[in-house]
Structure formats: structure tokens, C-alpha cells
Amino acid sequence: MSQTIPEADREHYMRLLEDAAEPEAVDFAQKLLARGVPAQEVLLQLVAASQAEVGRRWAENRWSVAQEHAATHLNEQVVAAVATTIRPAQPSRGRIAVACVDGEWHSLPARLFAEVLRLHGWEVRFLGASVPGPHLVSYLHSYDPLALAVSCSLPTRLAAAKRTIEAAQEAGVAVLAGGAGFGENGRWARRLGADRVATDAVQAAQELAAWLPATPRSSPHPLLVGDDEDVMVSKHKQSLVDSGMRLLGERFPALARYSGHQRQATLEDLGHIADFLSASLLVDDAEMFTSFIGWLCIILESRRVPISTVDVVLEAYQRELYDYPRALRHLSAGRRQL
Ligand code: B12
């Protein structure tokens with residue numbers, strides 16, 4: 001896409017996000033539109049790009065969670081303001097429902113995609129964050145779209161994505177999958193049986209017409225291993241976390257002096273490790289687990305937590321999961337990554 005928003009404007013916008021200057025940010029976006037900058041570029045070059053920078057600043061511990069939330073809220077307001085300028089195409093190219101999978105609260109990426117679809121002449125129903133499977137299916141029956149676009153930003157929600165994809169296909173609706181949670185080039189979405197996979201919102205909006213109607217595949221999807229190791233890991237998540245905390249306590253006496261907040265954050269990290277292990281087993285890709293471990297180390301380092309703690313947790317999980325060969329392989333790969 002051509003760069004029509006100059007660097008200086010994008011930096012100025014970042015400062016507005018930093019100051020949580022809501023009316024000014026909305027105003028600024030509207031001025032860009034008035035200057036002739038296409039709405040799609042405001043959505044993608046300004047909002048999406050700044051949101052990625054928000055994520056970087058949070059990950060590097062330069063911005064607090066509160067600052068991230070305030071900036072995200074501003075971006076949502078800007079998207080809403082841009083959306084009011086989009087006129088429905090007459091006639092529309094067809095109906096598409098856009099939804100985040102169950103347990104997925106990253107609605108902004110899905111909303112951006114939904115607005116890009118509208119700009120390309122589609123009639124869109126945006127169903128927002130975390131749509132429970134059964135409710136989604138009954139909605140699809142009444143709305144009768146050409147396709148369901150499912151958005152997933154977290155690989156840990158892939159098991160839910162799989163259930164959504166299967167349920168929509170059983171209802172006769174083709175599924176287009178996208179979002180960072182489906183991995184590079186959406187490769188995990190293919191394994192979960194999505195009819196179409198896209199990473200680029202604009203390309204997806206342009207090519208959707210040629211893709212439809214896709215014939216939904218019948219489940220079960222042959223691309224998954226099917227030994228249920230992922231299910232076992234998620235079922236035993238609590239005992240994995242307990243064993244990780246026990247071994248951490250033995251190896252790091254400092255844990256006993258952790259504040260309530262630090263203890264809670266540690267418990268959450270241990271839970272994430274179990275969730276990512278389960279997701280990587282579902283799609284049978286150890287790289288998902290190792291790249292998560294790499295990411296976790298960056299987060300922990302910026303918060304001065306020793307990386308050796310992660311190795312102790314992986315060792316504890318290996319001890320618990322001695323009977324699960326794939327889980328052991330993924331955990332060993334994770335330890336090598338450290
Ligand atoms: C804002 C944000 C949140 C907000 C979301 C608010 C909202 N209304 O969306 C809140 C606070 C809820 C949140 C929560 C969490 N978050 Co968060 N979050 C982010 C952040 C900063 C921005 C997300 C975003 O909007 N990105 C911008 C858009 C533009 O991203 P995008 O994926 O490129 O979207 C485009 C494409 O993917 C595509 N697309 C999207 N959907 C679809 C669908 C289809 C069909 C198609 C074709 C295309 C398509 O179109 C979009 C436009 O181009 C990211 C950082 C980042 N770099 O993304 C972290 C991030 C995604 N979050 C992260 C984490 C860890 C979490 C939490 C687990 C934190 C916690 N400890 O609780 C929770 C999980 C909540 C849950 N269960 O969903 C991690 C994920 C790490 C990982 N390895 O997966 C990230 C990457 C942060 C980081 N740098 O580490 N988060």
C-alpha cells in the first residue's frame with residue numbers, strides 16, 4: 001500500500017495516544033479524511049500501525065497496561081468515527097459476518113478488518129469479541145451470510161477457533177480465517193480446516209468474491225493428529241501450574257517473599273505456558289511453543305525476572321507429562337530455545 005500518511009503525522013498521532021487525547025485524535029483522523037487520505041489508509045496506516053506500536057511499548061515495559069487500554073480505547077473511537085463515513089455499497093457484494101472466536105477479546109483487529117470489508121462493498125455484520133459457538137451458529141442461521149470471517153489474535157484460542165470453524169461449516173457457512181493467532185501466513189488455520197485463510201485484510205476484501213462460494217469441508221479434519229494430547233494438557237492445566245509453582249519455590253527461595261501481585265503474575269505466566277503448550281499440540285507445531293517461549297523471555301527480561309525460572313517451569317511440566325511424547329518434544333524444544 002502506498003504511504004500517504006507522512007511519518008510526522010503518524011508520530012503526532014502516537015503522541016495523542018500517549019496523552020489519551022480523545023477528541024484531538026478523532027479530530028485528527030477526520031482532518032486526514034478531509035485532506036483526501038483514503039479511509040482504508042487511516043484505518044491501516046494510522047490505527048493498525050499505531051496499535052502495533054502500542055503493543056511494542058507495553059511489551060518493552062515502557063507503557064503500563066492502563067496506558068495501553070487508554071490508547072486502544074482512543075483507536076476504537078477513531079475507527080468508529082471513520083466507520084460513520086463509509087456508505088453502504090448499492091448493491092452490496094454480499095453478506096459477511098465477522099466474529100472473534102470464543103475467549104478472544106482482541107476485537108479491534110477484527111473491527112478493522114470488518115471496516116475494510118465494508119469499504120470494499122461488502123455488507124458486514126460485526127459481532128465483536130468472544131462470540132460463544134452456539135450463539136454464533138444460531139445467528140448464522142438467521143443472518144444467512146455468504147461466509148463467516150473468524151478472527152483470532154491469540155494462538156491459545158485455536159481450540160475454540162476449531163470448534164467455531166466446524167460449527168459454522170456444519171451450518172453450511174464457509175469460513176474465512178484470519179488474524180495473528182493463526183500464525184504466519186495463517187498456516188494453523190489451514191490445519192484447523194478453514195475454507196479460506198488470509199493474513200492481509202485488503203487482499204482478503206478484494207479476493208473474497210472470487211473465493212465464494214467455497215464448499216465447506218466435512219469434519220473431522222484430517223490435518224490434525226487426533227491423539228488428544230492438547231486436550232489432556234488443558235484438562236490438567238491446574239496441576240501443571242501447581243507443580244511448576246512447587247519446583248519454582250524449591251529452586252528460587254525468593255518466591256516465598258513475592259507480593260500477592262507478583263505471585264498472581266507468576267501464576268498467570270505458568271498458565272500461559274500450559275495454554276501455549278496445548279495450542280501447539282493441537283496444530284502439532286513445536287515452533288508455536290518455542291516462539292512463545294522466546295516472546296515470554298523478552299517480556300520477563302524487561303521486567304527483570306530471571307529467564308532460568310522459565311526453564312524450571314518447563315522441567316516441572318516435563319515431569320508431569322512423562323506419558324505424553326509430543327508434549328515432551330515440545331517442552332524439550334522450548335528448553336533448547338532458552
Ligand atoms: C490491544 C491489545 C489487547 C486488548 C484488546 C482490546 C481490543 N478491543 O481489541 C486487551 C487488553 C483486551 C488485550 C488482552 C490480552 N492480550 Co493483548 N494485545 C493488544 C495489542 C496491544 C494490540 C492488538 C491490536 O489491536 N493490534 C493491531 C491490529 C491491527 O493487529 P493485526 O493482528 O495486525 O490485525 C490485522 C490482521 O490480523 C487482519 N485481521 C484481523 N482479523 C482478521 C480476520 C480475517 C478473517 C482476516 C482475513 C484478517 C484479519 O486485519 C487487521 C487489520 O489489518 C497487541 C499487540 C500487537 N502487536 O498486536 C497485544 C497482544 C495481541 N496481546 C497479547 C496478550 C498476551 C494478551 C493477554 C493474554 C494479556 C493478559 N495477560 O491478560 C490478554 C488476552 C485476552 C484474550 N483472551 O483475548 C500478546 C499476544 C502474544 C502472543 N504470543 O500471542 C500481544 C501480541 C502483546 C505482546 N506484544 O506481547 N490485549
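Reader: What is the strand order in the open sheet of five strands?
Author: In this predicted model, the strands of the open sheet follow the order S2-S1-S3-S4-S5, and their pairing is parallel.

Reader: And which strands stand at the edges?
Author: Those are strand S2 (123-126) and strand S5 (196-197), and because each has a single partner strand, one side of each is left without a neighbour in the sheet.

Reader: How many bridges join S3 and S4?
Author: Strand S3, residues 147-151, and strand S4, residues 174-178, are paired in the parallel sense over five bridges, and within that pair Val 150 stands opposite Ala 177 of S4.

Reader: Which strands do helices H6 and H7 lie across?
Author: Helix H6, made of residues 133-143, lies across S1, S2 and S3 and runs at about 170 degrees to S1, while helix H7, made of residues 158-170, lies across S3 and S4 and runs at about 175 degrees to S3.

Reader: Switching to the ligand, what donor does the protein give its cobalt atom?
Author: The cobalt atom has a single donor from the protein, namely NE2 of His 106, which is 2.3 Å away.

Reader: Where does His 106 lie?
Author: His 106 is found in the loop that sits between strand S1 (95-100) and helix H5 (107-119).

Reader: What about phi at Ser 130 and Asn 185?
Author: Most residues other than glycine have a negative phi. Ser 130, however, has a positive phi of about 35 degrees in the loop between S2 and H6, and Asn 185 has a positive phi near 55 degrees in the loop between S4 and helix H8 (187-191).

Reader: Are those two buried or exposed?
Author: Ser 130 is buried, with a relative accessible area of 14%, whereas Asn 185 counts as exposed at 53% relative accessibility.

Reader: Last topic, H15: which of its residues are buried?
Author: The buried residues of H15 are Arg 326, Ala 327, His 330, Leu 331, Ala 333 and Gly 334. Viewed down the helix axis they fall within an arc of 155 degrees, so they line one face of H15.

Reader: What do they pack against, and what is on the face turned away?
Author: The buried residues pack against helices H10 (229-235), H12 (260-282), H13 (286-302) and H14 (308-320), and the face of H15 turned away from the buried side carries the exposed residues Arg 329 and Arg 336.

Key: Residues numbered from 1 in each chain as written. Predicted model: local features only at pLDDT ≥ 70, side-chain atom pairs only at ≥ 80, totals over all residues. Heavy atoms only, no water. Buried < 20%, exposed > 50% of the residue type's maximum accessible area, 1.4 Å probe, protein only. Helix = DSSP H or I, 4+ residues; strand = E, 2+ residues; numbered from the N terminus. Arc of directions from axis to C-beta. Contact = heavy atoms within 4.5 Å. Donors = N, O, S within 2.8 Å, 3.2 Å for Na, K, Ca; no water. Pairing = 2+ DSSP bridges. Axes fitted to C-alpha atoms, helices over the stretch in contact; angles between N-to-C directions.
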